[in-house]
Amino acid sequence: MKVSAREWEAVLGGTVRVPDPDRLVHLQFRRFAGCPVCNLHLRSVVQRHDEIDAHGITEVVVFHSTADELRPYVADFPFAVIGDPDKRLYVEFGVESARRSVLDPRAWGAMVFGIVRDLGPVLRGRRPLPKPTGGRLGLPADFLIAPDGLVVAEKLGQHAYDQWSVDELLTHAQALTSKN
C-alpha cells in the first residue's frame, strides 16, 4: 500500500504531513475521545516519545471523534492528534469496528485498568465523560509509513487493546534503518 501525500489539521493546531518527506510516520488509529483503553496505551507512547522521535519516527494518532471532543484528553500529547468523526480515514486504511473489540477477553484487563485509571479525573470534574462518537466498537491499527509513502509495516488489531507496543514500533523502525 502506498499513501498519497496529504496534510491534516491537528486537533491542537497546525498541520501534519503524511507521509513526512524526511521521517517515518507511525500512523495509529484509536477509538473515541476519552477511550480508557486508548488512553492507557497512549500514556506509554507519551512517556517514550523522546525515544520514538530519536528513532526518526513522527507519531500521528487518529480518533473517530471531533476536535472539540478530543481537546480535553490530548492537551498534553507531544504528537499530532487528528479527529476523523466521519471515519473517512478509517475506511481508506481498512480499519474496522467489530463487537470483538470489547468482547475479546484479551482486552478486558486493559479495559478495567483503563477505566479505573481514568475514573478519578472524571469524578473530580477535571475531565468530561467519554463521548464515543463513531461508536465504542472500533479496532486499533498501526501503520509505519516511509518518506516515499510506502506502508512498510502494519498491524490491524483484533481487539481493543491489540496494537504495537513502543518496543515493537522501534523494532520495525530499526529493521528498516538496518536495511539501508
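Leu144 lies in strand 6 (residues 141-145) of a predicted model, in which local features need pLDDT of at least 70, side-chain atom pairs count only at pLDDT 80 or more, and totals for chains, interfaces and linings use all residues. Residues are numbered from 1 along each chain as its sequence is written, and side-chain values use heavy atoms, with hydrogens and water left out. Strands (E, at least two residues) and helices (H or I, at least four) are DSSP runs, numbered from the N terminus. Because its relative accessibility is 0%, Leu144 counts as buried; the term buried denotes a relative accessible area under 20%, exposed over 50%, and partly exposed a value in between (1.4 Å probe, protein chains only). Contact is taken as heavy atoms within 4.5 Å. With residues up to four places away in sequence not counted, Leu144 touches Leu24, Val25, His26, Leu150, Val151, Val152, Ala153, Trp164, Leu169, His172, Ala173 and Leu176. Leu144 and Arg127 are 17 residues apart in sequence, and their C-alpha atoms are 31 Å apart in space.

One of the contacts of Leu144 is Ala173, a residue of helix 7 (residues 166-179). Ala173 counts as buried at 2% relative accessibility. Apart from neighbours within four places in sequence, Ala173 is in contact with Leu24, Ile57 and Leu144. Between Ala173 and Leu24 there are 149 residues of sequence separation and a C-alpha to C-alpha distance of 7.8 Å.

His64 is found in the loop between strand 4 (57-63) and helix 3 (67-74). Its relative accessibility of 0% is the reason that His64 counts as buried. When neighbours within four places in sequence are set aside, the contacts of His64 are Arg30, Arg31, Phe32, Asp84, Pro85, Lys87, Tyr90, Thr133, Gly134, Gly135 and Gly138. The C-alpha atoms of His64 and Leu12, 52 residues apart in sequence, lie 16 Å apart in space.

Lys87, one of the contacts of His64, is placed in the loop between strand 5 (80-83) and helix 4 (88-93). Most residues other than glycine have a negative phi, and most peptide bonds are trans. Phi of Lys87 is near 60 degrees, a positive value in a residue other than glycine. The peptide bond from Val18 to Pro19 is cis, with omega near -5 degrees, and Pro19 belongs to the loop between strand 2 (15-18) and strand 3 (24-29).

Glu96 is located in the loop between helix 4 and helix 5 (100-103). With a relative accessible area of 47%, Glu96 is partly exposed. Glu96 and Pro140 are 44 residues apart along the chain, and their C-alpha atoms are separated by 8.2 Å.

Helix 1 (36-47) is mostly covered, with nine of its 12 residues buried. The buried residues are Pro36, Val37, Cys38, Asn39, Leu40, His41, Leu42, Arg43 and Val45. The expected span of a helix is 1.5 Å times one less than its number of residues. At 1.5 Å a residue, the 12 residues of helix 1 should therefore span 16 Å, which agrees with the 17 Å between its end C-alpha atoms. Asn39, a residue of helix 1, counts as buried because its relative accessibility is 5%. Leaving out neighbours within four places in sequence, Asn39 is in contact with Gly34, Tyr73, Asp118 and Arg127.

Cys35 counts as buried at 0% relative accessibility, and Cys38 counts as buried at 0% relative accessibility. With a disulfide defined as a pair of cysteine sulfur atoms within 2.5 Å, the count comes to zero disulfides.

Grid points are joined across faces, edges and corners, and a volume is the space filled by probe spheres set on the points. The largest pocket has a volume of about 300 Å³. Its lining comprises 17 residues, of which Gly34, Pro36, Ile115, Pro130 and Arg136 lie nearest the centre. Helix 1 and helix 6 (105-123) each supply at least two residues of this lining, and helix 6 gives the most, with five residues. The lining divides into 12 nonpolar, one polar and four charged residues, where Ala, Val, Leu, Ile, Met, Phe, Trp, Tyr, Cys and Pro count as nonpolar, Asp, Glu, Lys and Arg as charged, and the others, Gly among them, as polar.

Definitions and conventions: 1 Å grid on protein atoms, 1.4 Å probe; cavity = no way out; pocket = protein on both sides within 12 Å on 5 of 7 lines; lining within 4 Å.
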